[in-house]
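Please read them with the structure open.

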Amino acid sequence: MPQSHAQVWLHIVFSTKQRRPFLRNDDFRTEMFRMLSHHVTTSKCTSASVGGYFDHVHLLVGLHRTITIAKLVEQVKTETSKWANGHEKGSSIFAWQSGYGAFSVSHSLRGVVDDYIRNQSEHHAKLSFQDEFRLLCEKHNIGIDERYVWD
C-alpha cells in the first residue's frame, strides 16, 4: 500500500499547575479554548472540540498519523502557556500541569464526547476536576498513583 491512513480520536485532559483557577475569567477562558484549538490544528491534527472549567481543559482531537500524543500535548501546552503569560487577562505565572490524560474515543462516540466537553460547567457544578479525572481513568482501566497525578 503506497499511502498511510489513520483515524485516531483522543479525549485529552490536563489541568493548570496546582489546579489554580487561571481560567476563571469567561473571556480569557474562551480565548484560551480558541488558542488550544489553533495549536492543535497547527500541529496537523483535527480539533473537534475544546472545553473545560476554571482549572482544566478537555480536547477532542483527531490525531495526525505523523505526530505522537506526547509531542502534540507538549506543543499545545508550550504555545498556550507563552500566550497566556503575555495576555492582558492572563497571568505571568500561568502554567499547565506537567502530566495529562489521553483516552481513546471510538468514531461512533465522538458526538457523546463532544457534548461532554462542551458541557463542562454543568459537570463541575457537582464534581471536582480530581473526581472527574479519577472517573475517566477508571472508565478506561487506567490506574493512577495519587501521589504523582496532582502536581
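1. Glu138 sits in helix H5. This is a predicted model, and in it Glu138 is exposed, since its relative accessible area of 59% is over the 50% cut-off. Lys17 is 121 residues away from Glu138 in sequence, and the two C-alpha atoms are 23 Å apart in space.

2. Helix H5 (129–139) also takes part in the largest pocket, where H5 supplies at least two residues of the lining, as do strand S4 (101–105) and helix H3 (110–118). The biggest contribution to that lining is from H5, with 4 residues. In total 15 residues line the pocket, and those nearest its centre are His11, Val113, Leu136, Lys139 and His140. The volume of this pocket is about 300 Å³.

3. The largest nonpolar core has 25 residues, and the members that touch the most others are Phe14, Met32, Leu36 and Leu59. Two or more residues each come from strand S1 (8–15), helix H1 (26–42), strand S3 (56–63) and helix H2 (69–86). H1 provides the largest share, 6 residues. As background, nonpolar side chains in soluble globular proteins tend to be buried together.

4. Which residues does Phe14 contact, leaving aside its neighbours within four places in sequence? The list is Leu36, His56, Val57, Leu59, Val73, Val76, Lys77, Trp96, Gln97, Gly99 and Tyr100.

5. Helix H2 has 18 residues, and at 1.5 Å a residue H2 should span 26 Å; the C-alpha atoms at its ends are 26 Å apart, so the two values agree. The buried residues of H2 are Leu72, Val73, Val76, Lys77, Thr80, Ser81, Trp83 and Ala84. Viewed down the helix axis, they fall within an arc of 165°, and therefore line one face of H2. Lys82 and Gly86, on the other side of H2, are exposed.

6. What do the buried residues of H2 pack against? Their partners are S1, H1 and S3. Val73, Val76 and Lys77 are buried in H2, and each of these is also in contact with Phe14.

7. Ser81 belongs to helix H2. Is Ser81 buried or exposed? Ser81 has a relative accessible area of 15%, and because this is under 20%, Ser81 counts as buried. Not counting residues up to four places away in sequence, Ser81 touches Phe94, Ala95 and Trp96. Trp96 is also in contact with Phe14.

8. Two residues deserve a look at the backbone. Gln18 is not a glycine, yet has a positive phi of about 55°. The residue lies in the loop between S1 and H1. Gln18 is partly exposed, because its relative accessible area of 46% falls between the 20% and 50% cut-offs.

9. The other is Lys44, with a positive phi of about 75° although Lys44 is not a glycine either. Lys44 is in the loop between H1 and strand S2 (46–53). With a relative accessible area of 53%, Lys44 is over the 50% cut-off and so counts as exposed.

Note on methods
Residues numbered from 1 in each chain as written. Predicted model: local features only at pLDDT ≥ 70, side-chain atom pairs only at ≥ 80, totals over all residues. Heavy atoms only, no water. Core = buried A, V, L, I, M, F, W, Y, C linked by side-chain atoms within 4.5 Å. Buried < 20%, exposed > 50% of the residue type's maximum accessible area, 1.4 Å probe, protein only. Contact = heavy atoms within 4.5 Å. Expected span 1.5 Å × (residues − 1). Arc of directions from axis to C-beta. 1 Å grid on protein atoms, 1.4 Å probe; cavity = no way out; pocket = protein on both sides within 12 Å on 5 of 7 lines; lining within 4 Å. Points joined across faces, edges and corners; volume = space filled by probe spheres on them.
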